Amino acid sequence: QVQLVESGGGLVQAGGSLRLSCSASGRTFSMGWFRQAPGKEREIVAVISWSGGSTYYEDSVKGRFTISRDNAKNTVVLQMNSLKPEDTAVYYCAASARLAVSTHINGYDYWGQGTQVTVSS
């Protein structure tokens, strides 16, 4: 069983930046970030393949967020720039035990506890 631990959430003003980090206790394949705002379903933010050569971003974060990973450290990072109030949500790190990259929640086997990101206007 792989455990994921997130860090880096917080409160920031609109236009600001935050960096989320997720550390895995073991080897995983694709990894990603999802978010869930109050009253809404959990949605994908960004995912990255094991090699780092393939990434996917939700349309609203393209050009503002960047996902990267360091397999030697079993970590994945989400750099969030130009944050907007609508980015406010609990952000969850996710990891898959399968090689194929998925953009769906069901494609991920391990989840972090979540970290709150709040963007004030």
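Residues are numbered from 1 along each chain as its sequence is written. In this predicted model, local features need pLDDT of at least 70 and side-chain atom pairs count only at pLDDT 80 or more, while totals for chains, interfaces and linings use all residues, and side-chain values use heavy atoms, without hydrogens and water.

**Exercise 1.** State how many residues the largest nonpolar core has, and list the contacts of Leu-4.

Step 1. A nonpolar core is a set of buried Ala, Val, Leu, Ile, Met, Phe, Trp, Tyr and Cys residues joined through side-chain atoms within 4.5 Å. Buried means under 20% relative accessible area, exposed over 50%, and partly exposed in between (1.4 Å probe, protein chains only).

Step 2. The largest such core has 28 residues, and Leu-4 and Trp-33 are among those with the most contacts inside it.

Step 3. Contact means heavy atoms within 4.5 Å. Beyond its neighbours within four places in sequence, Leu-4 touches residues including Cys-22, Met-31, Cys-93 and Trp-111.

**Exercise 2.** Find which residues form salt bridges with Arg-35, and state whether Arg-35 is buried or exposed.

Step 1. A salt bridge is a side-chain nitrogen of Lys or Arg within 4 Å of a carboxyl oxygen of Asp or Glu.

Step 2. Arg-35 pairs with Glu-43, with the closest N and O atoms 2.8 Å apart, and with Asp-87 at 3.0 Å, N to O.

Step 3. Arg-35 is buried at 5% relative accessible area, Asp-87 is buried at 1%, and Glu-43 is partly exposed at 33%.

Step 4. Arg-35, Glu-43, Arg-64 and Asp-87 are linked in a network of salt bridges.
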